[in-house]
Number of protein chains: 2
Amino acid sequence: MHPHGQNLSDEIYTLLKSKILRGEYKGGEKIPEEHLAKEFGVSRTPIREAVRRLGEYGLVDIKPRCYAVVSSISEKEAADIARVRIDLECLAIDLITPKNLEANLKDLARHAAECQYAADIDDRAGIFIQDSLFHLSLVKASDNITLYNVYERLEIKIQQLRVNQNLYSPELKDYIKQHGTIMSLLKEGKKQECKNLMYEHIIHETCPEDLKL
Amino acid sequence: MHPHGQNLSDEIYTLLKSKILRGEYKGGEKIPEEHLAKEFGVSRTPIREAVRRLGEYGLVDIKPRCYAVVSSISEKEAADIARVRIDLECLAIDLITPKNLEANLKDLARHAAECQYAADIDDRAGIFIQDSLFHLSLVKASDNITLYNVYERLEIKIQQLRVNQNLYSPELKDYIKQHGTIMSLLKEGKKQECKNLMYEHIIHETCPEDLKL
DNA sequence: TTATTCCTTATTGTATACAATAATAAAAGA
DNA sequence: TCTTTTATTATTGTATACAATAAGGAATAA
């Protein structure tokens, strides 16, 4: 294994997380430490640390002294996640000052553009990645580190949701276009309008069709 | 060491957390694994797991390959925490249904009463503990597991804030009385009024006097 | 066949040893 | 004296060994 991080635990964590978020390990699947250790060619120690960290993020469920399984997301939990997500992003919109918007506009615009590009070439994984980065940048622009930390954790579950429930629809491309409108409304300081749009935007991005909030 | 949990890691985690939240280990203090291992009479392994978990909760800062220190909270971060807290609790108020309120009212009333009692006998630690439990119960009544998880994490930082900044004032006793009003407003379904009161309540509970949000 | 007990295996939990790195102190050079 | 280099120590990172527990299956009794 070629080390390109600071330590093995961090590497394994990143690797394992991406494997779960790509659906390579599926919900409910057992992931014994020994097995992963052999697969990644390291000892159980860094594996164990990575798995436990993923446990903190809710990506794996750890049954003490038994085993760890990749977590699943129920419909109810999916709706719960979407509801909290809306609230946090709306708080971010409220907190964004013109100055902080200015400082983050370049990032926002770049991710919006790259998300659009991914949609144009029908790169589904790319859409989700760039969309995530757009929304993370928006929250970052709030300049509230606690809000960012909280949102960052939630974002991981949102990614898992997207993979698990295969949240891709043809209409998604239309909703991606809303990123531009969101930026415009932010620039014009029309916060209430922006929040209303965000509500609609997130519902369509995050929720299974028939889900009611 | 008398084991009374499932495993040592969890025990050490709980113990270390409470020591930090009681101010026994102060912000900025180095906590070498070996040192803690001797203090608790166990090997480095469970210590290490506990410390890394506390790192995920933001109670310790881990400098890779160097050392871990108990984290400190800046004034800016304190304000950030309070702002997010207000938002999350107001979301909880919005989500509480009459049915779920009913199911959690006994807990709410009990913690409110015990908080009041702690104030009467001037038990400062008790006030904070029961107050925390009151607010956690309120969030739990929202029946949104994601909201609860997110809030639970934040709550740990709130406790740290209270210890670090010694957030105790004579007026606190007055604000504790608001718990009763909050419950009444919830029962009457006066959500907007309840949220307004919660805003004021949290500001006075969580913020250093001169802090502006 | 169905339940129950026992044994085997799989898996985690903890301690320990050693390597790698960073912090600290001491020594050398200017 | 002050800076730079070198050596020493403190601390983390990783591998490994073994104990403790849980899971699964085979043997036994009904």
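Buried means under 20% relative accessible area, with a 1.4 Å probe and protein chains only. Beyond neighbours within four places in sequence, Leu138(B) is in contact (heavy atoms within 4.5 Å) with residues including Ile93(B), Leu108(B), Ile182(B) and Met198(B).

This is a predicted model, in which local features need pLDDT of at least 70 and side-chain atom pairs count only at pLDDT 80 or more, while totals for chains, interfaces and linings use all residues. Residues are numbered from 1 along each chain as its sequence is written, chains are lettered from A in the order in which they are written, and side-chain values use heavy atoms, without hydrogens and water.

In chain A, the secondary structure consists of ten helices and two strands, assigned as DSSP runs (helices H or I, at least four residues; strands E, at least two) and numbered from the N terminus. The radius of gyration of chain A, taken over C-alpha atoms, is 18 Å, close to the 17 Å that the globule rule (2.2 Å times the number of residues to the power 0.38) gives for 213 residues, so chain A is as compact as a globular protein of that length. Of these 213 residues, 52% count as buried. The C-alpha atoms of chain A fill a box of roughly 55 × 40 × 35 Å along the principal axes.

Conventions. Buried means under 20% relative accessible area, exposed over 50%, partly exposed in between (1.4 Å probe, protein chains only).
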